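The sequence and the structure are shown first, and the account follows.

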Amino acid sequence: MDGPVLRAQGLAKEFRGFRAVDGVDLDVADGSVHALVGPNGAGKTTLFNLLTGFLKPSAGRILLGGRDLTGSRPEQVARLGVARSFQITSLFPQMTPREHLELALAGGTGLTWRFWRSHRLLDRFGDRAMELLDQVGLAGHAGTPAGTLAYGHKRALELALALALDPRVLLLDEPTAGMGAEDVERTVELVRKVRAGRTVVMVEHNMSVVSSLADRVTVLQSGRVLVEGPYAEIRHDPRVISAYLGDADAGH
Amino acid sequence: MILSRLARRPLLLAAGLVLALALPWMIYPPVALDMACWALFAAALDLLLGFTGLLSFGHAAFWGGSAYAAALIAVHSGLPFPVAALGGAVFAAVLALPIGYLSVRLRGIYFAMVTLAFAQMVYFVVNQWRDLTGGENGLQGVPRELFGLDLSDSFVFYYAALPLLLAGFVAVWRVVRSPFGRVLVSIRDNPARAQALGYPVERYKLLAFVLSAALSGLAGGLFALGHGFASLESVYWTTSGQAVMMVVLGGIGTLWGGVIGAGLVVELNDYLVTVGFDGIGIVTGTIFVIIVLVFRRGIWGTARDLLAARTGRRRPGEPGSGDTQDGAPARTPGVGTPV
Ligand SMILES: Nc1ncnc2c1ncn2[C@@H]1O[C@H](COP(=O)(O)OP(=O)(O)O)[C@@H](O)[C@H]1O
Ligand SMILES: [Mg+2]
């Protein structure tokens, strides 16, 4: 683990006077798994939207490697190797999982500009698509329209789509939310497997997932960084316990 | 069942081809030509409306702009009519580039309004530039010929123009079923996700806009050449409205629905004109409202659904088949909104 691959400096986002993200500094070390936790409304998803270009920051900078990402468009950010999954499942309801992945894999190739060719041109990505579907346990549903998939399968497809971009930095927004124990287990295994050669930033409420995956944890509250450190340290921090872990653990 | 599905497509295609060939024998040839041209216009518009999710209310600029361009080429150069028609299509594509560039970043009703505004500017220019366009009188006396052959008989012109029109339909079909078409549908259904996958959504929309305009232009150019006359009405907003109406009647996103809608509207207009009825707008408008209310997916869309229900096939992505969590993420403002 070297220096930071992804950095936020004084990042802020204001919605009509309300500061959802309020001066966040974040250093994500290269090759690490970095968890982002905090109560609902803390600004985690907004931070992801800023990092991936879906929102323009009101203030602050975003750096990828040495490169200034501030103000880049989402598709540019994706092309530069930062892929994300969405907290609220975001798919193409009429397309099958296989078609989703073909589209994701075709992204950088230029083939998708060829309006004069048959869409069978995308068949060349079929094998890789099936591999990825197999990885997330969706091989058996490759041909089912995504709109009709079960919730857990949609989440799995969401993850496979981000992986298909073969990103340097993978941003996962609550990848296990709403999953059954078995699917959570598989997702943890998968992240453990795909983190090789990448950096993973994940928003995660499930503390056992955080403890088993994360090298570092940043706790966000009201748009600000409350505390940052290794899981073992922050879990005993009294501020964290009162802000978040206390009431979250109470449910478990 | 799979066999019957496989057999259905060539059967439908053959039936369509036979109908296209027989049309001038069945109805008054100029009306047949109108139908064929409007059908291509509707299909080209559906490429944008049904497969990209953009409601253009300014396509008269491309249909009519090409009508004038093709007519001018034919009048001043005496080139064969296919060259004039293709010239018109190229003109429409070139015109679509700046209009599309400035409007594809807008969404929904804003996109419709801005395309309408641009089309009205084109109308204004055509109306004012009398020396070139003939102003309110339109551009008359447009020759139609092919290697010395006189094609001023609508019956003959229909068959001369048919290959170009059919090529236009094949082009629309090809675009929809291309890798590019796949991206368009993904943009239509979830632009934020398409962006997250690395697709520059606006550039794809722009190319779709230009292609749609070029094919609309091909149809409009042939329409003007076939009538020997480019009319001011062809660039008027009612022309855009009529094309949208045809697509909605036939079924948005069905491609062939627009063809049916065009046949219906042209036939109805012709009938009402023949019986000397004045309130054409009222009648077509009423029928439009009824069909849209009764058959929400348009004529072709409804027929296809009924057929699918009979053969027990399910169509994905219909209301009720997905859960409410689908669609664009709830909180990503700034995605595709005007900046
Ligand atoms: N587009 C938006 N407009 C206005 N307020 C927003 C918008 N997006 C998020 N917020 C607000 O910002 C705060 C942080 O939201 P979010 O980033 O989704 O939190 P988290 O993901 O940590 O639960 C919330 O109070 C939310 O209501
Ligand atoms: Mg969130």
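In this predicted model, A:Arg7 has a relative accessible area of 29% and is therefore partly exposed. A:Arg7 forms a salt bridge with A:Asp27, and the closest N and O atoms of the two are 3.1 Å apart. This pair links distant parts of the chain, since A:Arg7 belongs to strand 1 (residues 4-15) of chain A and A:Asp27 to strand 2 of chain A, 20 residues apart. A:Asp27 is likewise partly exposed, at a relative accessible area of 33%.

Strand 2 of chain A (residues 18-29) also holds A:Leu26. With a relative accessibility of 2%, A:Leu26 counts as buried. Apart from neighbours within four places in sequence, the contacts of A:Leu26 include A:Arg7, A:Leu6, A:Ala8 and A:Thr218. Between A:Leu26 and A:Trp116 there are 90 residues in sequence and 46 Å in space, taken from C-alpha to C-alpha.

Over all chains, the structure holds 18 salt bridges. Several of them are set out below.

| Pair | N to O distance |
|---|---|
| A:Arg7 and A:Asp27 | 3.1 Å |
| A:Asp68 and A:Arg61 | 3.5 Å |
| A:Asp166 and A:Arg198 | 2.8 Å |
| A:Arg73 and B:Glu202 | 3.8 Å |

In the pair of A:Asp68 and A:Arg61, A:Asp68 is partly exposed with a relative accessible area of 36%, and A:Arg61 is partly exposed with 39%. A:Asp166 and A:Arg198 are also joined by a salt bridge. A:Asp166 lies in the loop between helix 5 and strand 7 (169-173) of chain A, and A:Arg198 in the loop between helix 6 (181-194) and strand 8 (199-203), so the pair ties together parts that are 32 residues apart in sequence. A:Asp166 counts as exposed at 56% relative accessibility, whereas A:Arg198 is buried at 13%. Elsewhere, A:Glu14, A:Arg19, A:Asp22 and A:Arg224 are joined into one network by salt bridges that share partners.

A:Arg84, in strand 6 (residues 82-84) of chain A, is buried yet has no salt bridge. The nearest side chain of opposite charge, that of A:Asp173, is 4.6 Å away, and a salt bridge requires a distance within 4 Å. The side chain of A:Arg84 instead makes polar contacts with the side chains of A:Asn49, at 2.6 Å, and of A:Thr52, at 3.3 Å. Among the residues in contact with A:Arg84 are B:Arg193 and B:Ala196 of the other chain.

The account now turns to the interface. About 4000 Å² is buried between chain A and chain B, and carbon and sulfur atoms give 61% of this area. A:Phe92, A:Trp113 and A:Phe115 supply 18% of the area that chain A buries against chain B, more than any other three residues. Chain A brings 45 residues to the contact and chain B brings 43. The interface has 3 salt bridges, one of them between A:Arg73 and B:Glu202, and 13 residue pairs in polar contact. On the side of chain A that touches chain B, helix 2 (74-79), helix 3 (97-106) and helix 5 (151-164) each supply at least two residues. Helix 3 gives the largest share, 5 residues. By type, this side of chain A divides into 24 nonpolar, 11 polar and 10 charged residues.

Chain B itself comprises 14 helices and 4 strands. Of its 339 residues, 53% are buried.

Methods:
Residues are numbered from 1 along each chain as its sequence is written. Chains are lettered from A and ligands numbered from 1 in the order in which they are written. This is a predicted model: local features need pLDDT of at least 70, side-chain atom pairs count only at pLDDT 80 or more; totals for chains, interfaces and linings use all residues. Side-chain values use heavy atoms; hydrogens and water are left out. Buried means under 20% relative accessible area, exposed over 50%, partly exposed in between (1.4 Å probe, protein chains only). Lys and Arg count as positive and Asp and Glu as negative; His and the chain ends are not counted. A polar contact is a pair of N or O atoms within 3.5 Å; within protein, one must be able to donate a hydrogen and the other to accept it, and residues adjacent in sequence count only if both atoms are side-chain atoms. Contact means heavy atoms within 4.5 Å. Buried area is the accessible area (1.4 Å probe) that two parts lose on being put together, summed over both. Ala, Val, Leu, Ile, Met, Phe, Trp, Tyr, Cys and Pro count as nonpolar, Asp, Glu, Lys and Arg as charged, and the others, Gly among them, as polar.
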